[in-house]
Amino acid sequence: MSERARLLHDSPWQGVVNLTGGGAGLLSELLAEAGASRTLIEARIPYAQASLDALIGGHPDQACSAPTGRALAMAAFQRAQCFGARPAFGFGVTASLATERPKRGPCRAHLAVQTLDRTTQTKVELQGERADQEAALVDFAWQALLESLALSDPPRACLEQVAAPDEWQALVAGDRRSALAPQNPALILCGSFNPLHDGHRRMMAVAEARLGQAGTFELSVENPDKPLLDYIEIQQRLAQFQGKVCLTRLPAFRDKAMEFPGATFAVGIDTLLRIADARYYGGEAQRDAAVADLLDAGASFLVFGRLVDGAFQGLSDAPLPQALRRACTEVPEAEFRADVSSTELRRRTTPDPPAA
């Protein structure tokens, strides 16, 4: 009999578990105890890299990392919500255990728990042979899960938590579409800002000078085909700004335009090309309908050139529907050019695991 599984099954929590590399013993223990069907909605083991990529909406900068663990937890939480779980949790574990191949860093695991009111994460380094590591990981995973759900005492898992304010919870629950937004922002620069960099700041400065009004950065917690941003991620990204930022759940530009009617959006040409790409809509007719909604909401675009497939591209080079083109104004290359991207900055700054 598993007392820790019993604690979970006797609670009101219902959830989904996503595990990579190790931790399967937790599932065995959870399922062996009577009452598992009250607690566990679903469990997924994205063992292959392609499976992990599909689950979290893209190739992670590092598979065994805190952001990946949190993304797995948020994907699990959203899945639990789909089944009406109340209260719902998502549990994510990504681990790098001993194998026959040489390892670049220590054997370790990152674990995260997502609920509506908070994101919790922790990590552990694992010693010994693989069987010892798996046993230690299962014990640690149980401790982290039960502590995160306030089902155990005393705390031992060294948890890091961010409790969400009501506005963030309402966005994640789908009860509202924007928070922290100024009244009717007229100039908006949208992005994931992972990280915010000098190119973003310069774009905003140029746009403000051209339009003669203050601008607002917009960060959406939802992006197509990805889990929602967790609360730790939201806190970290918002901390990059000194005001002038709104937090939304507006994944598409049609959503943004309808939430902020009459706004001008400062965009890179790569973003504008995605807005114009019929593949994202299921066909040209659906794309044209979305563009019509944008324009009916009074949206316009201030367009900045960027490197696209290794060559600098501006508005004049872009294949666009004429209706969309008429809503665009180009910022010439002589006025602004910044060959920098958040992806490249993350690639430069993400540390390799320390040598074993």
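Modeller: Before we start, helices (H or I, at least four residues) and strands (E, at least two) are DSSP runs, numbered from the N terminus. What you see is a predicted model, in which local features need pLDDT of at least 70 and side-chain atom pairs count only at pLDDT 80 or more, while totals for chains, interfaces and linings use all residues. Residues are numbered from 1 along each chain as its sequence is written, and side-chain values use heavy atoms, with hydrogens and water left out.

Biologist: Fine. Where is P87, then?

Modeller: P87 sits in the loop that runs between helix 5 (66-82) and strand 3.

Biologist: And what kind of peptide bond joins R86 and P87?

Modeller: Here's the general idea: most residues other than glycine have a negative phi, and most peptide bonds are trans. The bond between R86 and P87 is cis, with omega about -10°. There's another cis bond from N194 to P195, where omega is near 5°. P195 lies in the loop between strand 8 (187-190) and helix 8.

Biologist: You mentioned phi. Which value does F193 have?

Modeller: A positive one, near 50°, in a residue other than glycine. F193 is in the loop between strand 8 and helix 8 too. D225 has a positive phi as well, near 70°, and you'll find D225 in the loop between strand 9 (216-220) and helix 9.

Biologist: Are F193 and D225 buried or exposed?

Modeller: First the cut-offs: buried means under 20% relative accessible area, exposed over 50%, and partly exposed in between (1.4 Å probe, protein chains only). F193 has a relative accessible area of 1%, so F193 is buried. D225 comes out at 72%, so D225 counts as exposed.

Biologist: Now helices. How do I read which residues of helix 2 are buried?

Modeller: An α-helix has 3.6 residues a turn, so residues three or four places apart point the same way. In helix 2 (residues 24-32), the buried residues are L26, L27, E29 and L30. They cover an arc of only 165° around the axis (the arc of the directions from the helix axis to the C-beta atoms), so they sit on the same side of helix 2. Turned away from that buried side are the exposed residues L31 and A32.

Biologist: What covers the buried residues of helix 2?

Modeller: Several elements do, including helix 1 (3-9), strand 1 (14-20), helix 3 (36-39) and helix 6.

Biologist: At what angle do helix 2 and helix 6 pack?

Modeller: Two packed helices are described by the angle between their axes and the distance between the axes. Axes are lines fitted to C-alpha atoms, for helices over the stretch in contact, and angles run from 0 to 180 degrees between N-to-C directions. For helix 2 and helix 6 (residues 130-148), the angle is about 60° and the axes are 8 Å apart. Contact means heavy atoms within 4.5 Å, and here G25, L26, E29 and L30 of helix 2 meet V138, A141 and W142 of helix 6.

Biologist: How do helix 7 and helix 9 pack?

Modeller: Helix 7 (residues 166-173) and helix 9 (residues 231-238) meet at about 120°, with axes 12 Å apart. That makes helix 7 oblique to helix 9; angles under 35 degrees count as roughly parallel, over 145 as roughly antiparallel, 65 to 115 as roughly perpendicular and the rest as oblique. This crossing is right-handed. W168, Q169 and V172 of helix 7 touch Y231, I234, Q235 and L238 of helix 9.

Biologist: Back to buried faces. Which residues of helix 14 are buried?

Modeller: S342, L345 and R346 are buried in helix 14 (residues 342-349). Seen down the axis, the buried residues of helix 14 fall within an arc of 100°, so they line one face, and they pack against helix 8 (198-211). On the other side of helix 14, R347 and R348 are exposed. T349 belongs to helix 14 and is exposed at 60% relative accessible area.

Biologist: Last one: how far apart are A266 and M204?

Modeller: They are 62 residues apart in sequence and 7.5 Å apart in space, C-alpha to C-alpha. A266 belongs to strand 11 (residues 264-268) and is buried, with a relative accessible area of 2%. Leaving aside neighbours within four places in sequence, the contacts of A266 include L187, I188, M203 and F304.

Notes: A crossing is left-handed if the near helix is turned anticlockwise from the far one by less than a right angle, and right-handed if clockwise.
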